Amino acid sequence: MVLEVIVDISTSEIDRPFDYEGDDVPVGSRVAVGFGNKRTVGFVVGKKAESDYPNLKRAEYLDTPVSAEQLRLMEYMRENYNLRHIDVLRLFVPSKLRDERDPETKKLFLALNPELSGEALSKAVSRAKKQAQTVEYLKSSGGEYNSVLSDKFGAAAVKALRDKGVLTESAVHETRVPLKTLAGKKKDVVLTDEQRAAVDGICTHKGVCLLHGVTGSGKTEVYQAVIERTLAEGKTAIMLVPEISLTPQMLGIFRARFGDNVAVLHSGLNASERYDEWKRLRDGRAKIAIGARSAVFAPLADIGAIIIDEEHDSSYISESNPRYDTKTVAEFRAAACNAVLVLGSATPDIETYLKATQGKYRLFSLKNRISSHKLPEMEIVDMTREFRYGNRSVFSAALADAMRGALERKEQIMIFLNRRGFSSFIMCKECGYVAKCEDCDVSLTYHKAENVLKCHCCGRRYHALSKCPQCGSTSIKQGKVGTEKIVEELHNLFPDARVLRMDNDTTSRKDSYFAILDKFAAGKADILVGTQMIAKGHDFPNVTLVGILEADSALYFSDYRSSERTFQLVTQVAGRAGRADKKGRVVLQTFAPRHYVFAFASQYDYEGFWRKENNTRMVTKFPPYTKVVRVLVAAADEQAVADCTRAIYKGIKELEGRLGGFVYTGAAKSPVTRMHGLVRYQVLMRIQPEIFDEAMKTVYRLVNENKPTKGSSFAEINPQSLI
Ligand code: ADP
Ligand code: ZN
Ligand code: ZN
């Protein structure tokens, strides 16, 4: 039999099937092959009786980790996103399967030799105290890993026992439960009428459903009920959440309800943990995959439901190779499996809601909060007015008062500011010098605790400046404040308050993110200051006050989504207040108090906002009425970048002439012209839906044909960021 094999090497030159001789194994099988003078693994994507090539090498069968259904998904993604076979295949299989070695790390497991009598045993250890203790321990435990025993009783004692033949030895694969949580409590809730209607409707629908529910309306309960019914039908389910929302609390809820049926796929897992969880799903021992976007590729058969929580979240778009949009992928996979796809959000993506109004998606609404309290009242504070009246603090009088009140009542507070560090943008008052990164075209941010300047683009660090390197002046102006500075201000204002901070700087270690949340949940802090990390999903019953600082900071990016983003962020952050039996309040500080985003957000009027925004997009021909495509060309050599960009632009102009249907096409340097030391140019276009698929074939071809040497070119659809 001739097998068509994709080898596990990621370069464009060899991104095609190679013929090998092998047994008649299923497609999706993993094989070991020789390639050039290397040995590598590969994946069988097709079979045929004969090859055009003589003297085929042999492929050795290893296992079958990929299903035929996943291979069809691979084809779809390749075509839709211009991806390489192997880059998609790697999404389906854990990294442990990337070589021939046994993916399971076996550990030595020791137990007492059952053939030895009690007498023989005590004789063997009669003059060795540590050995005797080891034997006692094994009597009660029944057996233990060598590593654990050696830690407890010393390697010498364990070795002596093994040498004497007192122990039996076996190699055991140790499976661990990742992200262990303190026992999640199973809540027995009775679904509300709204919830029940949604569950019934979703479970009888095949296709896509939008679950639009205000924050705290009990969407998570709906998801669980849908999953429960899916399992009852003998099917499996995938539950996707934004990376940041997959907290131990959330996992605890699902484990309490579904036990070992839950497997988690999360970037915080190490390779072994990831493999173990993957294997449980693959073998049918776990029927629910819960995780961030990559869990959409979970190795499940008979999928009955795919659920995407916070479907508007930008983390569902993969922005590095392989680039894809999880929602589109999930929609394809759900359709292929005849499963229902549920998109849930309090602030759906403009396009998702449009499809719901057009009847392409079925809409279910949860209009009420579960708690007896309505959505928290939101007060909009005009910071220009505060400034005119002489308030130079980062907190308005209203927010400072509200914080004082909450602290007195022993209630908790969350303060949101979407800028980390101490202060951004350091400028010399004498000569105007601004500290910038040498590798990127961005200004640096001062971090006080570490006393360094950091580039938030590439992470590079620089010495803090005490005087201007250009003119020597010591009068250096600090720019916009960040979370670190807010904590300092809070300490000045409320010296007794216990303050925690959560942002990229305080959560660089894998477990610190959870540690901060746990601490706050346990009431060991009064105020939590953070970036958008604190906006998502958390359910802290004692939080009654949310402060939003510089709510307009994202409004003026030259991005067609800036209003939508701001509305989503404000709604999400505000939704953290007053979730249980205490009334909540939100104070929003802005320099643009009359902006329509805040008018709608403060009334929690999603529909009103959507109508206005949708209308603007229609009139100005932005998504969802067109698709924005950006081709980005990057390399160290600016001339090469310019040449490739020009060639691509020329090809696209020709295409435009031929097809029509382009709203805009332009080529220019990227706003951030240098990043990580590479020069970046881009071609931007907006394309009408009717000719989009047709146009992209040519765009992808142009991109593939015009890559600078030692650089890259790629196309993104509706990119998250245009910098
Ligand atoms: P959302 O995801 O919509 O923001 P959650 O699912 O987190 O809301 O629900 C908010 C709170 O209400 C949670 O503490 C949840 O356990 C509780 N809850 C949800 N549904 C019910 C119900 N039917 N009865 C009682 N409590 C509920
Ligand atoms: Zn200067
Ligand atoms: Zn940099």
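This is a predicted model: local features need pLDDT of at least 70, side-chain atom pairs count only at pLDDT 80 or more; totals for chains, interfaces and linings use all residues.
I will start with ligand 1. Which residues come nearest to it? Of the 17 residues around ligand 1, these are K187, V190, Q195, G216 and D539. Two of those names come back when we look at individual atoms. Q195 has a polar side-chain atom 2.8 Å from a nitrogen atom of ligand 1. G216 uses its backbone instead: an N or O atom there lies 2.7 Å from an oxygen atom of the ligand. S217 also takes part through its backbone, with a polar atom 3.2 Å from an oxygen atom of ligand 1. On its own, ligand 1 has 560 Å² of accessible area, and the protein covers 79% of that.

What kinds of residue make up the shell around ligand 1? There are five nonpolar, seven polar and five charged residues. Helix α8, residues 219-232, gives the most to this shell, namely three residues.

Now the metals, beginning with the zinc ion that is ligand 2. Its coordinating atoms are the SG atoms of C428, C431, C468 and C471, at 2.3 to 2.4 Å. Along the chain, these donors follow the spacing C-x2-C-x36-C-x2-C. Why is the arrangement called tetrahedral? Because the four donor atoms around this zinc ion subtend angles of 104 to 112 degrees, and the rule asks that all angles lie between 85 and 135 degrees.

C468 has 3% relative accessibility, so it counts as buried. C471 has 40%, so it counts as partly exposed. The cut-off for buried is under 20%.

The other zinc ion is ligand 3. Which residues hold it? C437, C440, C455 and C458 coordinate it through their SG atoms, at 2.2 to 2.4 Å. The site of ligand 3 is tetrahedral, with angles of 106 to 113 degrees among its four donor atoms. The spacing of its donors along the chain is C-x2-C-x14-C-x2-C.

Where do C440 and C458 sit? C440 is in the loop between β21 (427-428) and β22 (445-447), and C458 is in the loop between β23 (452-454) and β24 (461-463). The pair therefore ties together parts that are 18 residues apart in sequence.

Are these two buried or partly exposed? C440 counts as buried because its relative accessibility is 3%. C458 counts as partly exposed because its value is 25%.

To recap the metals: ligand 2 is a zinc ion coordinated by C428, C431, C468 and C471, and ligand 3 is a zinc ion coordinated by C437, C440, C455 and C458.

Methods:
Residues are numbered from 1 along each chain as its sequence is written. Chains are lettered from A and ligands numbered from 1 in the order in which they are written. Side-chain values use heavy atoms; hydrogens and water are left out. A residue is near a molecule or strand if one of its heavy atoms lies within 4 Å of it. A polar contact is a pair of N or O atoms within 3.5 Å; within protein, one must be able to donate a hydrogen and the other to accept it, and residues adjacent in sequence count only if both atoms are side-chain atoms. Accessible areas come from the Shrake-Rupley method with a 1.4 Å probe; for residues, only the protein chains shown count as cover. Helices (H or I, at least four residues) and strands (E, at least two) are DSSP runs, numbered from the N terminus. Ala, Val, Leu, Ile, Met, Phe, Trp, Tyr, Cys and Pro count as nonpolar, Asp, Glu, Lys and Arg as charged, and the others, Gly among them, as polar. Donors are N, O and S atoms within 2.8 Å of the metal (3.2 Å for Na, K and Ca); water is not among the atoms, so sites may look incomplete. Four donors count as tetrahedral if all angles lie between 85 and 135 degrees; four count as square planar and six as octahedral if opposite donors are over 155 degrees apart and all others between 65 and 115; anything else is irregular. Buried means under 20% relative accessible area, exposed over 50%, partly exposed in between (1.4 Å probe, protein chains only).
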